[in-house]
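Let me see what turns up.

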Amino acid sequence: MFLYSEVIMDLGALWMDEDLLFRLLFIVIYAAFFGVRIRYRVESARREPEQRHKTEGMAYKILIIAVLSYIVSIVLYMLAIPWISWSQIAMPSWLRWLGVIGATSSVLLVAWIHSTLGRQYSAELAIQKDHGLVTSGPYARTRHPMYTGLNMFSFSMAVTTSNLLVLLFAVLVIVPFPWIARMEEKVLLDTFGEDYREYMRRTGRFFPRIRQRSS
Ligand code: SAH
């Protein structure tokens, strides 16, 4: 009886200390995200692609700097290092819950996208042996659903933290993606030619195209 009431009191305290609750949710959702990503990353690292394309240029430099800064800021946030508390802002609780919902949906979305893209996935820009053009499921109306899903995830997680620094880096991560997507499309156009050109006509880059573009 004594123990039971202790547990209830602890849960009550956790609920009242919303910051702590969001920090715990942040860690749990990140763990789920890594659970999905690691499996496909490992499978991709084991494949020897037919063509590997160089990923150089400003867009990739910005991406690397933004991702590293984002990682450092979320580690500081997770560990509740006092230094980062200056950038903690007072966001309404409902907005932080919206971040939790957005991030959880993104994990499910990214899992669906990975399972559809299958062995065509790679962390680098590459063409596999017998690389097939994927145009089904999340790829039916959008050319880069994974980039959208990943950015939706890191942005929603940033909203959950209610931390200005984390939010700024999450936005900076999004900036280079139009250029990165364009470079990927050039390689896919070289590989699939008219099939990809036709696929581009009936899809949107990051968001689903509703109406078909006339050729
Ligand atoms: N940009 C895509 C895929 C990211 S993974 C997205 O955001 O969903 C990167 C790899 O996917 C690239 O090496 C590229 O060769 C491959 N790829 C991208 N779109 C593809 C498609 N529609 N069909 C097959 N492979 C694709």
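Predicted model: local features only at pLDDT ≥ 70, side-chain atom pairs only at ≥ 80, totals over all residues.

**A helix pair**

I started with two helices, α5 (145-161) and α6 (residues 164-174), whose axes come within 8 Å and cross at roughly 170°. An angle over 145 degrees counts as roughly antiparallel, so that is what I call α5 and α6.

Which residues of α5 meet α6? I listed Asn151, Ser154, Phe155, Ala158, Val159 and Thr161 on the α5 side. Facing them from α6 I found Val166, Leu167, Ala170, Val171, Val173 and Ile174. Sorted by class, this contact has 9 nonpolar residues, 3 polar ones and no charged ones.

Between α5 and α6 there is a loop, and Ser162 lies in it. Its phi is near 55°, a positive value in a residue other than glycine. Is Ser162 buried or exposed? Its relative accessibility is 1%, so I put it down as buried.

**Helix α3**

Next I checked the length of α3 (residues 58-78). Its 21 residues, at 1.5 Å a residue, should span 30 Å, and the end C-alpha atoms are 30 Å apart, so the two agree.

I then looked up the buried residues of α3, among them Tyr60, Leu63, Tyr70, Ile74 and Tyr77. What covers the buried residues of this helix includes α2 (18-46), α4 (93-117), α5, α6 and α7 (177-192). After α3 comes Ala80, with a positive phi near 55°.

**The core**

The largest nonpolar core has 46 residues. Which of them touch the most other members? My list reads Ile29, Tyr30, Tyr70, Tyr139, Met146, Phe153 and Met157. The elements giving two or more residues to this core are α2, α3, α4, α5, α6, α7 and α8 (194-201).

I followed up on Tyr30. Leaving aside neighbours within four places in sequence, Tyr30 is in contact with Tyr70, Ile74, Phe153 and Met157.

Last, I went to the loop between β2 (126-127) and α5, where I found Gln128. Gln128 has a relative accessible area of 3%, so it is buried. What does Gln128 contact, leaving aside its neighbours within four places in sequence? I noted Arg47, Pro49, Glu50, Arg119, Gln120, Tyr121 and Ser122.

Asp130 is also in the loop between β2 and α5. Asp130 has a positive phi near 55° and is not a glycine. Its relative accessibility is 70%, so Asp130 goes down as exposed, whereas Gln128 is buried.

Terms used
Residues numbered from 1 in each chain as written. Heavy atoms only, no water. Helix = DSSP H or I, 4+ residues; strand = E, 2+ residues; numbered from the N terminus. Buried < 20%, exposed > 50% of the residue type's maximum accessible area, 1.4 Å probe, protein only. Contact = heavy atoms within 4.5 Å. Axes fitted to C-alpha atoms, helices over the stretch in contact; angles between N-to-C directions. Parallel < 35°, antiparallel > 145°, perpendicular 65-115°, else oblique. Nonpolar A, V, L, I, M, F, W, Y, C, P; charged D, E, K, R; others polar. Expected span 1.5 Å × (residues − 1). Core = buried A, V, L, I, M, F, W, Y, C linked by side-chain atoms within 4.5 Å.
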